[in-house]
Each structure stands twice: as structure tokens, then as C-alpha cells.
Amino acid sequence: MNFSYSVSMIAVAAALTFNGSAQAQQAIAEGGANLISNLTLLPTTSAGRAVLDANLATTFQIQNNATPFERDLSIRDATGSPGNAINYAQGLSGKLFDAFSVGNKQFLTAQGVEADSTQVQSWRQFWAGFNTINSNTSNTMRRLIGQGYASGTAWRGDGTSANSAGTPFTARLDLPAGGVVNPYDKYYRPVIPNTAGPDGTSMDTRPFFTRPGRTVLFEGRNFYGIETTSLSLINEGFNSPSFPSGHSPAGWSAGLVLAMMIPERWQEELTRASEYGNSRVVLGPHYALDVIAGRLLATYNLVQVLNNNPDFTNLNLLDQRGIPLPQASTSDWQASFEQAYTDLRASLVQSCGMSIAACIAASSPDRFSDKAKNKADYTFRLTYGLPNIGPTDLAPVVPEGAEVLLQTRFPYLTAAQRRDVLATTEIASGAALDNGSGYARLNLLAAGDGYGAFNSAVTINMDAAKGGFSAFDSFNNDIGGVGSLTKTGTGTLNLTGVNTYSGGTTISGGVLSGTSLSFGSGPIVNNATLVVNQSVVDGTLASPISGTGSLMKMGATSLNLTGISTLSGPTSILEGRLAVNGFLGNSTVGVGDGATLGGSGTVGGIVAGSGATVSPGNSIGTLNAAGDVAFAAGSRYQVEANASGESDRIAATGRATLSGGTVQVQASAGNYDPRTRYAILTATGGLKGQFDSVTSNLAFLTPTLRYQANEVDLTLARNDIAFSTIAQSRNQAAVADAVQASGAGGALYAQTIGLTVPEAQSAFRTLSGDIHASTVSAEFETAFFVREAILDRLRWGTNSSATDIANYGRLPAAYTADLPGRTVPSTSIPMRVLDPQVFSVWGQGFGTFGGARSNGNAANLSRQTSGFVLGADARLETGFRLGAAAGYTLTQLDTSGGAQSGTIESAFGGLYGGYEYGALAMRLGAVYADNATSLRRAVSFPGFSDSAASRSGGSTIQGFGEIGYSFPIGTDQPGSSKAGKAPILSASSSIEPFVGGAIVSIAHDRFAETGGIATLTGAARTFDIATSTVGLRAQTRLDLESGAPVSVRGLVGYRRAYGDVMPKALLAFGAGPSFLSAGIPIARDALVAEAGIDVQVARNTSLGVAYTGQVGERAQDHAVKGNFTYRF
């Protein structure tokens, strides 16, 4: 077989005559050398040197960044017999791989002894013979590239190959003119002198040796499970040429042969083959170009073998054990392949216990299941992204005979068609090893997915009776071109790509299936079966469809037909929705169980079976039927309608036969009249039968049907269902009753009458205005923090034990009782120099956050309050402490979703007092607050949107008190200090059980919202809440001798609330009837807690910080407070 190559080879005979073996060796070697010896020319041009630079960089990028899995795999792939088909067969995966392993134990044990021979002899003989040729070819090429010639050596190759017992290779191969011997060594190591190879080359050209230190070394288990280092495997290649890889041709040939043997795993096995070659880069002994060359050699040899190239036949070959193979196995390689194909597949079926397809399905998914990743990995490894050295726009070139590689993948295609598949899926020209023969451009993985383009009229003839791919196959590429596709035969062809071929599509036999994007841009002539499977996204098919065949819609999503189609065969909707928005007037459409017919175009007729749905239009529209219409029992006719009197309709020129079914009214929200009538079906040929029932999605309008001679009418009329019956809460029910009581003339009545149940529930919820009542809960919580600020002053601010040390000093004194009239020296003695209990001013600032969860009635409410309190007090001679306080708070409110929000501003003033009688303490106070409330509501439900705002006044009055009894723990005892300093007080603590109570009265003025028809008015109301609290407080002083006195305090208690804990607002829509809307309830039971620390920063000044909070079942509030006290 002769080719014209871009690189010519000179074969010089070393003798005048050749025996048959020598001639075969010469021809085989020349063919391989022509494919890959471009490498020797790369150092001679700038473009070639750029390739060599990228080759080095890419190699180390892959090697250095390999994953742990890739590194483990590279060690496994590096060991074992070259004929080890099991290692290459991982692309079969799972159960199929196990079945292959059972029948094909063609490998060596760790001790080098064959474990078992294959049970499929025909497969063994074909694979062993072909592998022998690959091994010898790659070894000969190494000598050619590394030495500049190959001659005078026995053509054996690591003991795994032979011709006639190792006849010397008496022919000679030379490099092309201008070729550089061992170009890796010359380019990557130009300054290292050595004499290990010809012309001073070292032959240590592998990446590890040319760039010491850049290779990442690692460990792993080899094929036999033995711990191995990557370095030991790399060193096996010491002082031997790197190019081409010897392992890669074995892995590639195995992967390609197995892909041909089991084409159901075509993509997976080819991906595994490329992965095996890539393992040589990951391990470290080879460059990217080495494994590319290995792929080219293996592909070339397989093409020659399967075409029975005479140079490759009748060879005397040994298997990997050195045992001669039957010469008959090499006399007709194609026949040997076919026999191996039949026997191996039979063996797999037997071992699996099921068909090969079922065996594959039983193991899905596997590590090769990601087809997009397979494609990306394989495509990258075709060139490894290396720069091109030649033009990239040359016409496709298919190697002579290469179509034989697709014989099992496309058994129904002719040889010429297989060549077209190879030509239309090739990669661009110009790669580094592209010699013009086409081998460097073959993309066999893409070819396995069928045509890449229809460049002329293409006829695909599939005979389903032959089974396999002849019965069903898929073209998965995106198919372009100006040609056409004709499908004939009884088989099924599935198109999955986004295809742009423009010559049109004809289905003359069998089935052609695809999506709306699969059939190119031309017309479709369907005289058999066309299936449009729209299963992922909605799609539109604009191509006109003609012919007498059938059209089937499958897949869960929607297909929109917009073309003018004259198809006269039936149309069937088996799944999903078919919208006919063009013309399909000659085809009767059958709608299956679970499927839907829609659109505003024309169909030839409608047959809606049980479980089927007909829904005219794309919103509201008319579906025309140029023929009869039939609804079976259990079918559904979905009708959209609106308040303007518009609805969906079927307009048939023939007869309408109604054998039952349900009319489902899907009405949009709107202002409906008490009665609205729609014509939903007209039939010029008359009407027979009735629907079984009619339903509506509207809550307060009842649908009824009227049957006339040629028409079915729908009427939506107000029913007697009370609005409140569909309410989900008390607030919704109260609003619903108020809206309904406003009557048909009421604005909100008109807005809600045409709502569905969920829509009406949403409307009543958003109309309820519950935030007007929920403000009471927020004001109550604000009152709590104001009250606690004053009580904090009475509880902690008057207790001298906390900071008493600063109130002591030293004063001069004399003892004169025993010596009257005599002058005595004064003595400095410790004593109290400041009475802290007379006058004090104090202040507290606080910030709170909290909220209350919905009780199923009012909306969730979040609140944030900030404020301050300032006060002054004095201790009277009677022991009573009296004071006054004032302050300001700002509370921000927000309901869930932000539909209701607002603020409450309060200015307040109050009086307080306390008295201590020994350990017993009483504390009292009263506060008045003036409140200004601003609220906003966004009211929105289907068909309606409004906003409302209000400003109103009010007040909060509270009186409170508590009694506590303190138990000291430790005593305060002044003592002498070092160096005459102030007296040291020993540490002391106290605990105080207490009971307290409060009465809070919250008044709201009347208000009127501004806005649209959803605005509310509210009556003035007063809410009275009482609380009782029991708890325990404790404090202790920390004795920091050289620092400021520090007091730590805490409180825990239980609070119970009484009275109007469920606040309600009396509301009305304008002058309409009033209703009660309940707000977020005040927690009846709550845990209150406080913790703080005070520091006396000066003799008469202290600062403190504290936390206060209360937590109930549905509500909680937390505050951080800062306080100061100045005493004088």
C-alpha cells in the first residue's frame, strides 16, 4: 500500500537481494518511520523549536500537576506484560470488565509466569500477533531516531517478538535529509559532552534526565500490588531514546482493538487508550510527542493489518512468551479479526449471563461515564495543545484503508461513508507530526459519534433485523454542511447534536429521532416515523413537515411547531406538551395519557384519550381543528379565562364528540361580574355528548357548562361560599367577613371575588393590618427596658459595698481625753471621707434587638430599639431615696417579607424611690411616655397592588415596684494598708431574692391610613397588661488592690403577664364594617436575665456595662446597656 508523504524516506539496501522476511521488515519499518520522523526536523526551524519548547513545558506541567489517582495509575500502567490486555481493558468497566477478565487471563504474574491462557484462542492469536508488530515497530523507530539509522540487529524487541526466530534486520533506514540525530538530546542538552551515543549524544533524552530536579517523584503499587517507586521505573529507560514511547503503541492498539471488538464502549475504550499513553507523561519517562507518535504507529499498523497489507501477512511471530503463533493467523488478518470479534463477544455474553448491552447497563455509572470529560481529555491528548508547524486549513485527508477502523462501529455504513465520517471529524492540519498522510488528523473518538458534516446527499440504511447498531444508533456530533440526510431501512437513527446541515431531511423508512435542534434548517419529508424527543428544555421546530408518515412527540418538556406542514399521517403526543402554532391541518393529533396539546395554530383533528390534556393557546387563545374533535372519559380540557370575558377555545370544522372528561377552568385574577359567559368549544359539524364535570380554580365563582347544538359555553357565577370559609387564620376570617359584608359594590369585594383559594388567602392575610395591633407588643417590650433602667439604679446604684473602698481616706486626729489642756500630736487615721448616698446623677443608654414568631395569625415581627434614660436622686434624712428620670426611645418594626414596617418614637418621664430597712429593700416607680407611631403597609395580591401609611399618637403609663431581702456573704472590714494607703476592704458578696410587679397601660389614638382602597381606619383603644416577677439577684466585689474597684452582678427571674396579652386593633376599610385584627401576642411566661459589671473610675464616678434580656415561648428581646453614676 503506497502513500505520498510530506517527508520522504531513503531506504538503502544493504544487500542485493532480500528474503521475504527482510522485505516485510523494511516495508513495515519504512511506513512507521514516515509517520514520525518529522521529529528530527523540528530543531532546524523556528516553528519546530517552538514545538520542542512547548513539548518540554507541557510535559512537566502534566507531570508536576498530576492527581494522586493519575500517579497511582501511571505506576500500574508501567508494569506487566506488553501483551497485558486486561490492563488496557479498563474502559470496559464494571461487570463487562470482570467478564473479560474471566475469559482473558493473558498476563504475567509478579514472578513472570503466565497465570493462565485465554479461553478465547482466536482473540489471543489476533491480539498477540498484532501486539508483536507494534512492539517491534516502536523499537526500530527508537534506534532510527536515537542513532540515525536502524540496521544489523535482530528484529526481536525485548524478547516479545520475532520473525523466523530472530532473523537479523538486514535492511537499513536512514533519517530524512536534514534530520537531526536524537533531536531531544541535541536540543534539550546541547552543552553536555558525552560519548554514549553517535555524534556525541548521550541518549539520556528522557525528561527526568534532560531536566534534573523538575520531575515529581512518587510511590505506588504496580500491576501486581507490589510497592514501587516512580524513580525505579524511570531508571529502566536510562541511556535509551525517549521517542517514540514503547508502552503507548501497546496501550493504544489494545484500546482501539477493544473498542472495535466491543463498540458499545467505543468512547470509553479510546479514552482509556489515551489515558494509558498519558500515564507515560505522568510517570516521567516520556514527553507528550512520544505518546502522540505511539498512537500514530499503532493506528497505522492496525489499518495495514486489517486491510491485509501483504507486507504484514504470513509473518512468523512469537507471542509474549516466545511461543510461535500459527502462521495462518497472520495470513488473513481481517478474517482473524472477525473470528476474534465473534468469539470474544460470545465469551462476554456467557460470562455476564446477559447481553453485552445489559452487562454494561448493570455497571453504570463508572469512571468513564462523563462523556463530556472523555471527549475533552481525548481531544487534548491528540495534540497536547502543541503549536502547529504547517497550515491549519488543508482539506481533510483520510489514510487509505482507515475506514476499516469503523467497521464494527458503523456496520450499516458503506466503506465510502465510513471514510466520510473520518473526513468530517478530523482535526485541523499542521500538527508537529502531521506528514500529510492523515493519520495525525484522525479523531476516532469523534468519528465514533458519526458524521461531523453532511457535505452531500447522505443516505443511512439500517436493517433492524441485524440487531446492534443496525437496529439503533446515535449520531452525537453537531452536524453541519450543505448536504441532506435520507433515512432508509427499518432501524432507528437518533440525532442528538445541534445540527445545521441545510439540505433537508427525508425519512423513507424506520425511525429518525432527535430534538427540535437536530434536523438542520431544511424541510422535512416524513414518509416513515419522525420522533421529536424534547426531554431537557423547551424547543421550537420551524421546518415544514410533509409526507405520509407519523410524527411523535416525546419527552417531558414542550415542543413548539411553527412551520406550515402538510403532513398527512397521524401525530401522537406521548409525553410533554406539543404547541401547534403553525399549520398541521392535515394531521389528526392524538394526545396520550399525561401529555398536552396546546397552541393557537391549526391541526387536522383532535383525539384526547384518557389522562390527556388539551389546553388551547399559549396563554388565552384559540386552537383550530380542520376536522373532528373527540374527548374520551378521563380526559381534561383546560380553559384559561379572565374577567374581561376572554377564554381559550377550540374551533372545529367537524364534529365534536364528548364522551366524558373534565373541563378545568384556570381563571386569572380580576374584577369579575356576578356572571360571565364564555364560548369554549365550537363545532360546525355538531356536538354529541357532554363532559363529565367542570372545575374552577376560583374560590368564589362557580363554573357551569351549557351545551348547544354547535357550542359549549362556560359560565362563571358568584357562589354562596362565605369568604371566611377558606381563611387559614382568625385575622384572615375577620378580613374576609369585612370584605364580603361590603357587598358587590365594594372595591375590595371586586378585587377578591375572582381569586383562587391560595390567592384569596394571600389577599386576606396582606389586608389584615395586624401590625397595628402588633405595635402593642413592641411598646410593652420598650416599657420593660425603661422600667429595668430605673430599677437598675435602685438595685445597684445605692449599694456601697460594691465600690465602698473609694469612699475611705485618712484624716488627722488626736486622743485628748486623758490629758486635758495639753497639746498632743495629731495622728492620721483611716475613716470615711465621702458619703455616697446623698446626691447622684446617672444615665443609661441601651440598644435592643428581638422579635416574635407568628402564632399562625399575625405575621412574624422583628424589632430594634435604641434609647437612653437620665436621672437624678437624693437620699433624705429619713432614709428614703427619691429621684426623677426622663429619656427617649426609638423602636423600628418590620414584619416578615417587609410588607409591613414602621417606627415608634417615645419621650418619657417618671419618678422613683426606694427605702432600705436593714436587709429589706423596697423600690417603686412610675413612668409616663408619649408615643408617636408611623406605619407603612404594602398590600399586594394577584391583580391588585396598593400601599398605605399612617401616623398616630398614644401613650404608655406604667407603675412598678419590687421588694427584696438581701443576704450578705462576707463582710466589709477596713484594715490597714501598706505604706499608709487607704484601707483595704475584704471581698464581699450578697444575694437577694425579690418579688416585683408592674401595671402597664398602653393607649392608641384613632388613626386613618392614606393610600388606595386597601387603607384602614382604626379606633382608639387602651390595652392594660400586668406583670409579676420573682427572681434572685446577686453581686460580688472583686478586690483588685492596685486597681479600680470592680463589682460584678447578675439577675435571673420568671415573669408572668396578665390582661390584654393578645392585643387587637379595631379596623375598617374606609366606612365599611369593622373587624378585629390580632397582633403578635405578648408572651405570658418569660425568663428574664441580667448580667453586668461596674467599675469605679473615680471616687465619685462609676461606669458599667450590662446585658438584659427576656425570652418567652415565641418572643425574645436582648439588650446591651451602658451606664454611668456621678455622686456628690
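Predicted model: local features only at pLDDT ≥ 70, side-chain atom pairs only at ≥ 80, totals over all residues.
The expected span of a helix is 1.5 Å times one less than its number of residues. Burial in α13 involves Trp-333, Gln-334, Ser-336, Phe-337, Ala-340, Leu-344, Arg-345, Ser-347, Leu-348 and Cys-352. Viewed down the axis of α13, these buried residues fall within an arc of 160°, so they line one face of the helix. Just after α13 comes Gly-353, with a positive phi of about 75°.

Helix α12, residues 288-306, can be read in a similar way. Its 19 residues should span 27 Å at 1.5 Å a residue, and the end C-alpha atoms of α12 lie 28 Å apart, which agrees. As for burial, 19 of the 19 residues of α12 are buried, so this helix is largely enclosed by the rest of the structure. Following α12 is Asn-308, whose phi is positive, near 55°.

Attention now turns to backbone geometry in the loops. Ser-93 is not a glycine, yet has a positive phi of about 60°. This serine sits in the loop between α4 (85-88) and α5 (94-103). Buried means under 20% relative accessible area, so Ser-93, at 9% relative accessibility, counts as buried. Tyr-384 likewise has a positive phi, near 55°, in a residue other than glycine. The loop that holds Tyr-384 runs between α15 and α16 (415-424), and a relative accessible area of 2% makes Tyr-384 buried.

Cis peptide bonds are also found in loops of the model. The bond from Phe-243 to Pro-244 is cis, its omega being near -10°, and Pro-244 belongs to the loop between α9 (230-235) and α10 (247-261). Ser-364 and Pro-365 are joined by a cis peptide bond as well, with omega about 0°. Here the proline, Pro-365, is placed in the loop between α14 (356-361) and α15 (371-383).

Among the strands, five form an open sheet with parallel pairing, in the order β8-β10-β12-β14-β17. The edges are taken by β8 (457-462) and β17 (545-546), each of which has a single partner strand, so one side of each is left without a neighbour in the sheet. The partner of β8 is β10 (residues 484-489), and six bridges link this parallel pair. Within this pairing, Asn-461 has Thr-488 of β10 as its bridge partner.

Five bridges connect β18 with β15 (residues 529-533) in the parallel sense, and among the residues involved, Leu-530 has Leu-551 of β18 as its bridge partner. Strand β18 also runs parallel to β20 (residues 571-573), to which three bridges join it. In that pairing, the bridge partner of Lys-553 is Ile-573 in β20.

Key: Residues numbered from 1 in each chain as written. Heavy atoms only, no water. Pairing = 2+ DSSP bridges. Helix = DSSP H or I, 4+ residues; strand = E, 2+ residues; numbered from the N terminus. Buried < 20%, exposed > 50% of the residue type's maximum accessible area, 1.4 Å probe, protein only. Arc of directions from axis to C-beta.
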